[in-house]
Amino acid sequence: MALETLISELTARIPPERLLQQRPQLAPYESDALTSLRARPRAVLLAGTQEEVIDAVRLCHAHRVPFVARGSGTSLSGGSLPIEDGIVIALNRLNRIIALDPRQRLAVVEPGIINLDVSRAAAPHGLYYAPDPSSQPICTIGGNVAFNSGGAHCLKYGMTANHVLGIKAVLPDGEVVQLGGASLETSGPDLTGFFVGSEGLFGVALEITLRLLPKPEAYRTILASYDSLAAAGQAVSDVVAAGLLPGAMEIMDRLAIEAAEASVNAGYPRDAAALLIVELEGEAVEVDAEFAHLRRVIERSGAGEIRVAADEAERARIWKGRKGAFSAVGRLSPNYIVQDGVVPRSKLGEALQRIEALSAAHGTRVANVFHAGDGNLHPLILYDGRVPGALERAEDLAGEIIHMCIELGGSITGEHGVGMEKRRHMPAMFSPDDLALMSSVRRAVDPLELANRGKMLPAGQTQVTAGQHEQAVTDHG
Amino acid sequence: MADRLAPVAVEHVAQVQEAVRAFDRVTVRGSGTKPALAIAPSYDRAQPLDLRGLRGIVEYEPQEYTFTARAGTPLAEVNDLLAANGQYLPFDPVLVEAGATLGGTVASGLSGSGRLRYGGVRDFILGVRFVDGSGATVQGGGKVVKNAAGFDFPKLLTGSIGRLGVIVEVSFKVFPAPPAYRSLLVHFPSFSPALEAIYALTTQPFDLVALDLLPGDEPTGAKEGWTLALRIGGAKALLASRLDRVQRILAAGDAVSSPAGDAEASFWREAAEFAWAPAAANLVKVALTPTQIPALESRLVATPVPCRYTVAGNVLWIAWPDALAKLDSILNELGLAGVVVRGQATVPWIGRAPTSAFARRIKSALDPHDKFAPLYPD
């Protein structure tokens, strides 16, 4: 059998402590941050070198065994869910910084390096790596590249793709390619940008060239409370209409505030229905002038309490509550689904009201924490997985929220990717022709569909034609 | 060349689909401001599609910082509309006055000096609608500022020079425009200290809009040395003090001029129109990094040609007066790749041959019947 031949070939090459095959060893890899889905791989390879990754991909190709590359397993969309009886190639040990070039503001890294470790290494040179997903203390750059991760600063700075200049990758048949390079510019199609966000379907990134930025000289952070989510959303529109370009604008609702307070004691006003955090960054004189402008806008926006971070400690505390909000919500509920839809910013108020109504109609609690500057919602749908049918009800509500985002002209995902979780919603956002071309591209790169099989493209996508949307249902139940 | 087919004047997307299905070979043109990008010797008999009639802004919500427009829309029209709302295209499009269209700008992937601040075309494109080689209309990306759904066709089509599909509509992110600009021109007697100045400036937390390096003494017109041209933007009242700070980290004693107002604006407008490049010369863009420049300069010093390093030493624009074979061999030797935008090339690519394994597979999916010219020569 091909699978067992593959396993014996891997066993001959890899010491047993780095080729996990026993059930207890495999358990931690059966799931990622989308914990409602599980699948048991045949084996997990803890890759020690790029050559081992290339070898493993070639062997998988030779024996037609599907594989999933995995970093820290923080995907909220099930993007690193293993394939049943496939191979997991774990990349955490490939965590070297191959080159750090402060003069040219470049870092060349391996995929297993943790996002925050790039900024830590760059810090002594006054530089940092801009994309900052909330999971940045644990998530890896390889995963960020695969899912084009975002964070709180995307309006001004863009997503992961905007910070990746070059990628050395092993394609699903074992061919190694270099896309892009070290220059901010290229000639020819932006293949690097195309690889980013391909959710592992194009193979495994082995070396990634990142653009670093000078750490902003000054930050000014303001926190304002509102008596409704709609009022906080309107304040965001006011800030944008004023011609300001904040580094970040974040909103949390009552449930999220409560959770953050209970968890990290950020000192947020507890009686607010919504909190808005706005942060400006840049050259000190400019930030000071813009901050005076921002403050006037916020003061006129009907805010209750307004707090200005007086120092770095206070700023850090404001952000600690926001960045810890997802895990804090874990205190309120045994389980939750994090949604990631995007709406045009001017429709934020409408979207939030509709989520509130949907939440009430379904009798399911929803906490809201979101990147307001980008219109990127993160409704956290709370449920108790021990109650039969609760997960299904939560998923139904999530689906309705996603369809609302599309109806308002937005997207099904801003930064978490499609993964397993949202692939059944792809036909609502993309036409059969759009999906057919994605599928052709996938098969042109990976005819055997070995690399992260089953992710992003709707199930049965290869057969999807006009009028057949209904068949595109997930097979995980 | 004389027997080239007359272009089809496209006004509707359906005409593009029909043409792609009906003809064996199809090429696309807009205003023809970057003619060398269309060069494909074996495709002389291709049916040209003129997309200038497929124009107009489809959606623009200033509060969203986004717009959607048809491919043939002139950039000048886009810029005017954005400016009326205090916004701009931060990637600083080139050849706007020459008539460049939005579709051609995406297909060429070219950005101007001002892309230093926030990024290039690839960083601001949000969505693309295009006709692929089977004649299907495909939408990639979206219209909102953040989106991670599906393969990133908007980025793939950026720089694809009409060889992966016919771009018919694009969506972009825009930003509030800086209310005012100031510039500084600093003359250096030789190349090396000018390059050091680039390193010094770009590793500091200055929000520079542009940082170019050009031969000669720009203000006096003398031929010696190099001129570093930098631009900042923002609130008018702060510009003078911000510029002072920037200037303080440059070596004392360098000759400095600080254009303002119309002179400042036209200095950068002329840069975006390549006013410095003789019309008869080959205009070539080379992607590189600052550390690669000294070796290149040592090869070019023997035959000084008009040129300009932009984006803090990440791009060289060069106006090569003679046959391109020599430049091609110099670039090849140094492992540099470029693209010929205007002039007498046999293919648009120059220098290091692009690694095409991944691109070839993508091309086969988007253009299975070779309706469009080959992406790279075989």
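A nonpolar core is a set of buried Ala, Val, Leu, Ile, Met, Phe, Trp, Tyr and Cys residues joined through side-chain atoms within 4.5 Å; buried means under 20% relative accessible area, exposed over 50% and partly exposed in between, using a 1.4 Å probe and protein chains only. This is a predicted model, where local features need pLDDT of at least 70 and side-chain atom pairs count only at pLDDT 80 or more, while totals for chains, interfaces and linings use all residues. Residues are numbered from 1 along each chain as its sequence is written, chains are lettered from A and ligands numbered from 1 in the order in which they are written, and side-chain values use heavy atoms, leaving out hydrogens and water.

Let's start inside. The largest nonpolar core holds 206 residues, and B:Phe153, B:Phe172, B:Phe358 and B:Leu366 have the most contacts inside it. Its top contributor is helix α14 of chain A (residues 390–407), with nine residues. Helices here are DSSP runs of H or I with at least four residues, strands are runs of E with at least two, and both are numbered from the N terminus.

Now for the rings. Rings of Phe, Tyr and Trp (its six-membered ring) pair if their centres lie within 6.5 Å; planes under 30 degrees apart are stacked, over 60 edge-to-face and the rest tilted. Over all chains, there are 20 aromatic pairs. One aromatic cluster includes A:Phe194, B:Phe153 and B:Phe358.

Charges can also sit over rings, meaning that NZ of Lys or CZ of Arg is within 6 Å of the ring centre and within 35 degrees of the ring normal. Here are two cases:

| Charged residue | Ring | Distance to ring centre |
|---|---|---|
| A:Arg103 | B:Tyr199 | 3.7 Å |
| A:Arg315 | A:Tyr219 | 3.7 Å |

Finally, chain A has an open sheet of five strands in the order β5-β6-β10-β8-β9, with antiparallel pairing; strands pair if DSSP finds at least two bridges between them. β5 (97–101) and β9 (176–180) of chain A are at the edges with a single partner strand each, so one side of each has no neighbour in the sheet. β5(A) pairs with β6 (residues 106–109) of chain A over four bridges, and A:Ile97 stands opposite A:Val109 in β6(A).
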